[in-house]
Every structure is written in structure tokens, then in C-alpha cells.
Amino acid sequence: MTDRSTSRRRARRLAIGGAVVLALAGMNGPALYRFGTAQYHEYKINQPEYKAENGHWDFVDIPAKYRLNTIHAALLRTGKVLLVAGSGNNQANFDAKKFDTVLWDPVENTFKNIPTPNDLFCTGHTQLGDGKLLVAGGTKRYEKLKGDVTKAGGLMVVHNEDPDAPKTIKAGTKFTGKENGKTFVAKDNITVERAEKIFDKETGAFLRTEAGLGRVYVEAERSGRKHETGTEDNYRILGLKGSDTRNLYGIAQKLALDKKDFQGIKDTYEFDPVAEKYIPVDPMNEARWYPTLTTLSDGKVLSLSGLDEIGQLVPGKNEVYDPETKKWTYAQGIRQLPTYPAVFLLPDGKLFYSGSNAGYGPADVGRDPGIWNFETNTFRKLPGLSDPKLMETSATVLLPPAQDERFMVVGGGGVGESERSSEKTRIIDLKDDAPRFTDGPSLDKGTRYPQTSVLPDDSVLITGGSEDYRGRGNSDIKEARLYDTAENTLRRVADPAVGRNYHSGSILLPDGRVVVFGSDPLYADEGNTKPGTFDQRIEIYTPPYLYKDARPTLSGGPEKMARGESAVFDSLHAASLKEARLIRPSASTHVTDVDQRSIALDMEKTDDGIEVTIPENRNLVQDGWYMLFAVDDAGTPSKAVWVHIDS
């Protein structure tokens with residue numbers, strides 16, 4: 001065989017191979033870049049036919065002065081997005097009291113720095129009925145890993161046996177052990193409640209006095225292991241006078257150089273979207289770091305879980321915020337859950353807990369999913385959950401429409417810093433006579449920290465996440481999928497450019513696009529040798545439905561509606577409109593967004609638009625501002641009209 005004929009055959013094989021690759025690329029959409037060059041990939045994903053099938057990702061142009069470690073994000077009723085970092089998981093920022101919030105206008109792409117009154121890193125938040133954002137909790141102290149702790153410390157329980165008055169213990173107060181003789185220093189101011197006299201209910205006879213209790217974090221005066229304690233001891237409080245020397249004392253268990261967890265704050269604020277500022281309100285009764293805020297049937301807000309001012313899990317002492325009085329009161333029932341539990345209000349007023357959470361808490365307490373009757377404090381466990389031990393950092397989403405009462409749990413990982421993760425999606429229909437979880441379509445990789453957003457066409461965008469804890473081992477998943485609620489299928493769409501793991505989230509915008517933020521990797525390399533840095537870039541995903549030939553319009557109508565009320569909205573494309581959806585704006589953090597829900601509305605066409613009717617159930621349609629979308633027969637949504645639902 002001659003060299004020339006060999007060359008001709010080789011050229012022919014290459015030509016055929018190239019044609020096959022291009023054909024495969026055209027058929028496989030998002031997978032094409034694995035076969036071609038980066039340049040060809042960039043060309044292909046910008047073609048109209050590709051966008052119409054798979055959507056498209058773009059970066060937000062953020063001026064340097066407004067870039068921040070976005071931990072929390074919420075869509076406000078003005079259409080602007082509140083981006084909250086607080087100290088942004090940065091100890092130097094915390095020490096310098098540098099706390100950041102930025103208000104972003106996605107339409108104008110303008111930014112504004114907002115004065116931030118405290119460290120709202122790892123706070124809780126939810127939309128209030130009047131359009132303000134309730135923000136509660138945050139960071140009092142950063143964690144210290146074992147090896148970084150130089151002074152022995154821990155919890156000191158202060159007892160007050162004086163029934164006549166509460167007592168104040170100031171930061172710097174010293175406690176000396178009666179047996180061990182070691183001295184520890186209070187790190188904060190606390191108030192210790194007065195003692196309570198207990199009487200016999202029938203005879204009225206005095207029985208005993210129960211001391212009032214206060215909790216304070218204490219540290220040894222000096223560094224070193226010799227200042228640790230190993231057993232419980234009573235502590236004398238130095239500097240007291242008179243009867244206080246008898247009535248006030250401390251009791252502490254082991255005070256050691258163990259790891260110290262993050263500690264929470266009680267501070268609570270309402271963010272006013274019109275005044276564009278934080279307004280302080282009554283603080284919570286319990287300090288909380290990593291809490292979930294869930295709206296109840298009466299419009300009040302339930303605060304759940306969190307680490308307290310000592311860094312311990314709040315022991316089921318849940319509390320309720322009243323937007324009318326701006327006050328917190330303890331809930332009657334006690335229920336302990338891990339931090340950032342995914343708890344949703346159901347149409348019958350009960351609460352659904354999916355088992356999703358963000359981490360802190362015992363591995364064998366409060367992990368089971370179920371229905372919580374908040375009024376009676378009874379809990380009914382729900383069966384069938386696959387990978388039940390891989391629920392940390394999983395996402396839970398109320399599938400559209402909300403009337404169907406179907407939830408999906410996506411991915412998740414093992415407790416703590418486990419390298420295990422789940423590729424499962426699990427679906428439960430709470431309208432079933434005997435609801436139980438069944439597996440939905442699987443992801444192709446185990447996924448922690450998946451971001452989920454409900455779209456106006458009743459699909460759900462699932463994007464990002466990582467296979468290992470905080471992206472360890474370079475395990476970020478740069479993939480996105482659309483879940484079809486009608487077909488129960490997942491379809492791979494355009495891939496994001498940024499990997500997203502810990503401290504990430506996504507939010508639906510009023511124009512139908514989805515903004516994705518955050519990512520806080522533990523390491524920057526596959527070998528886990530270089531510290532990671534927070535990814536401050538923000539991407540916007542434009543779904544395929546916005547690359548159709550035309551988009552319906554929606555305008556007019558009342559700004560305020562009541563449940564059960566009907567109203568007419570204008571549209572230039574009334575003939576093609578098929579459905580209407582009322583979507584509550586998101587407040588997202590740590591793979592937790594219990595606010596988002598898409599409600600199907602009864603819709604009738606008019607000559608110049610549509611008439612929609614709001615459902616009467618206040619548990620389904622809570623008071624608040626919503627985005628009203630009209631969707632045409634091709635699945636393309638209008639831009640949203642903001643509507644205030646108020647009883």
C-alpha cells in the first residue's frame with residue numbers, strides 16, 4: 001500500500017469522524033463540549049437553536065465595590081434582590097465588624113450598599129405579609145477548631161435563688177471553682193431570672209424555691225491545658241456583695257480545649273424594601289445561628305432550631321413572631337430539629353418536615369420526615385424515604401402547582417463532613433390516603449447543596465451542588481437540569497460556568513430568569529492542599545421558554561386582591577394564554593427556601609386579557625406579595641405583575 005493511498009484513507013476516516021462528532025454534538029446538546037474544543041463549545045451554546053432547547057447562562061456584571069460573599073438572597077416586592085453576606089464566613093471581617101448587604105436591581109443592573117446592623121451571617125429570613133423581609137439571628141462568635149482553641153471554656157449555668165429580683169452578670173465577671181480552684185471569665189452580659197416560689201396547688205402550702213437560670217460562655221483566664229476541668233463543679237462568683245454571695249452561683253460541666261461551635265444572636269430586623277433599610281424589632285427569646293423561619297396559618301412566623309449563644313443546639317424551644325406586635329413568644333410545643341430544617345406550611349394548616357437540613361444536631365434526633373400538627377404538637381412520621389442517612393444539605397421543593405401537595409427532596413449527604421452523597425430524588429404526595437416517599441428520576445452523581453427553583457411553566461430548575469462536602473476533591477457539579485412535573489423526568493440543559501457548593505442558592509426573577517449565587521469551597525484543588533476562596537460571581541439562567549418566537553404580555557389589574565376575589569388583567573396575547581400562576585418570592589440560603597411556592601389560579605379569557613381568581617385557602621395563599629405570571633400554550637410565561645394578597 002502506498003503512502004498516498006494510506007493518507008487518503010486516513011483523511012476520509014477523519015472526515016467521517018468529524019461529521020459524526022458534529023452530528024452527535026447537534027443531538028446531545030449540553031454534552032457537546034466534551035467532544036469539541038472550547039471555542040466550538042462557546043460558538044454552539046450561543047446558537048439560537050441551542051438556546052431554544054437548553055437555555056443560556058450569563059454572568060452579572062458586578063462592580064468591584066459591590067462584590068460580596070453572598071450567603072443569603074431574597075427577592076423583594078420592588079423587584080430588587082437583597083444580597084446578604086454579614087461577615088461572609090470571614091473571621092477577619094467579623095473581627096473588624098465589617099458586615100455587608102447589597103441591594104441589586106436586576107433590571108437596571110444597579111447596586112447599593114446597605115448599612116448592616118449586626119453580623120447576619122447564617123441568619124434566618126422569610127417574607128412577611130406586608131412585603132417586608134423578616135431577618136432573625138446570626139453570628140455572635142466564630143467557631144474554633146480543636147487545635148485552634150487556646151483557652152479552656154464552655155457553658156456556665158448561673159443560678160439565682162433570690163425570688164425578689166433578677167440579677168445581671170456582666171462580661172468580665174469571674175467564676176472560681178470550689179473544688180478545682182480554677183477561675184473562668186464570663187464573655188458576655190446576661191440576666192438571670194428571679195427564683196420562683198412553688199406552692200401546693202390544692203393547699204397553697206409553700207413547697208420549695210426553684211432557682212432562676214442563666215447561661216453564659218466562659219473562658220479560662222490563661223491559655224494552656226492545665227486550666228481545663230474534667231468534671232462538674234460549683235463556682236463562686238467573685239465581686240458579689242451581701243445576700244447575692246449566697247443566692248448567686250455557677251455550675252459547669254467539663255470546661256476544655258474542645259472545638260467551639262459558632263454561637264448565635266437574638267437580634268431581629270425587618271428589612272423595608274421601600275425605605276431600603278433594616279429596622280430593629282423585638283429580639284428573639286433564644287439566640288439562633290442557622291434557624292429556619294416558617295409562616296404559620298395566622299400569618300405569624302415560627303422560628304425553628306439554630307445554635308444558641310453557647311454554640312449548642314437550641315433544645316426544641318421554638319418561638320413565634322407576631323408581625324402586628326413585633327414581639328416573640330415561646331411556642332407551647334417542644335420539637336427539636338437539626339439546623340435549617342425544611343419545614344413548610346400545608347393547606348390544612350399543619351407543617352411538613354421533609355428531613356432536609358443543613359447540618360448541626362444529633363444524628364439520631366429530629367431527622368425523620370413527617371407531618372407536624374403544630375396546635376397539638378403531635379408528629380406523624382412518613383415512610384419510604386430512600387437514603388435517609390444522607391439528608392444533610394439536601395434540597396426540598398414544593399412541586400408546582402402547590403395545590404397538588406407534592407414535594408421533592410433532591411440529593412443530600414451524610415451527617416457532618418461525610419464524603420457520602422445521594423443521587424436520589426424522592427417524591428411524596430401528601431394527598432394520598434397513606435403518603436410515602438417514592439424515588440423520582442435519579443441525578444447522575446451524588447449531589448450535596450443542589451439549588452432548586454420553581455418556574456412559571458411548572459418545571460423546576462435543579463442546578464449545581466458538589467459530590468463531596470463543600471466541594472472537597474474538586475467535586476463541584478457544573479450541570480443543570482429541568483424537572484418536568486407532569487412527566488416525572490429530568491432533562492439535562494445548558495451547563496453553568498461556576499461550580500456551586502456550600503453557601504449557594506437560586507432565586508426566580510420576575511422576568512422568568514433564575515439568578516444563582518454563592519459557593520464556599522473548603523479547598524481550591526483536587527488534592528485538598530490549598531484553601532478555597534468564596535466565589536462572588538453571580539450567574540443568571542435564561543430558560544428555554546424565553547427563546548421562543550414570542551412572549552405574551554400581562555399588565556394592568558389591581559395591585560391588591562383578597563383571597564376568593566377575581567380580577568381582570570390585560571394582555572395583547574389573550575387568545576394564546578393557557579394558565580396563570582401566582583408565585584411567592586424566594587428567600588434562599590443553605591439549600592433552604594421554604595417561601596417559594598407556585599399556585600395555580602382559575603383563569604378565564606376575556607376580549608382583552610384574562611380574569612383570574614385567587615384561591616380562598618389562607619394556608620395555601622398566605623398574605624403577602626406575589627408574582628402573577630400568565631403562560632401561553634407554548635409554555636412561555638409573561639413578565640410578572642406584582643400582586644399583594646391581603647385578607
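Colleague: Okay, two strands pair if DSSP finds at least two bridges between them. In which sense do strand 6 and strand 7 pair, and over how many bridges?

Modeller: This is a predicted model, to be clear. In it, strand 6 and strand 7 (residues 133–136) pair in the antiparallel sense, over four bridges. H125, for instance, has V135 in strand 7 as its bridge partner.

Colleague: And what's between the two strands of that hairpin?

Modeller: Five residues. G131 in this hairpin takes a positive phi near 95 degrees.

Colleague: Which residues of strand 6 are on which side?

Modeller: G124 and T126 sit on one side, H125 and Q127 on the other. They're all buried, so both faces of the strand are covered. In general, side chains in a regular strand alternate between the two faces of the sheet.

Colleague: Switching topic: how many residues are in the largest nonpolar core?

Modeller: 38, with W104 and M627 having the most contacts inside it. Several strands supply at least two residues each, including strand 2 (72–75), strand 4 (100–105) and strand 48 (624–632). Strand 39 gives the most, with four residues.

Colleague: What is W104 in contact with, leaving aside its neighbours within four places in sequence?

Modeller: Among them are V60, L83, F111, V515 and I540. K80, N109 and T110 are on that list too.

Colleague: What about a second core?

Modeller: There's a separate one of 37 residues, which includes M391, F407, I614 and L620.

Colleague: How many aromatic pairs are there?

Modeller: A search of the whole structure finds 23. W57 and Y541 make a tilted one, 4.9 Å centre to centre with 40 degrees between the planes. W57 is in strand 1 (residues 56–59) and Y541 in strand 40, so their pair ties together parts 484 residues apart in sequence. Both W57 and Y541 are buried.

Colleague: Why is the pair of F121 and F262 called edge-to-face?

Modeller: Because their planes are at 70 degrees, with the ring centres 5.9 Å apart. This pair also links distant parts of the chain: F121 is in the loop between strand 5 and strand 6, F262 in the loop between strand 18 and strand 19, 141 residues apart.

Colleague: Are those two buried or exposed?

Modeller: F121 counts as buried because its relative accessibility is 1%. F262 counts as buried as well, at 5%. Ring pairs link both into a cluster that also includes F94, Y142 and W289.

Colleague: Last one: which ring does the charged end of R335 sit over?

Modeller: The ring of W372, at 6.0 Å from its centre.

Key
Residues are numbered from 1 along each chain as its sequence is written. This is a predicted model: local features need pLDDT of at least 70, side-chain atom pairs count only at pLDDT 80 or more; totals for chains, interfaces and linings use all residues. Side-chain values use heavy atoms; hydrogens and water are left out. A nonpolar core is a set of buried Ala, Val, Leu, Ile, Met, Phe, Trp, Tyr and Cys residues joined through side-chain atoms within 4.5 Å. Buried means under 20% relative accessible area, exposed over 50%, partly exposed in between (1.4 Å probe, protein chains only). Contact means heavy atoms within 4.5 Å. Rings of Phe, Tyr and Trp (its six-membered ring) pair if their centres lie within 6.5 Å; planes under 30 degrees apart count as stacked, over 60 as edge-to-face and the rest as tilted. A charge sits over a ring if NZ of Lys or CZ of Arg is within 6 Å of the ring centre and within 35 degrees of the ring normal.
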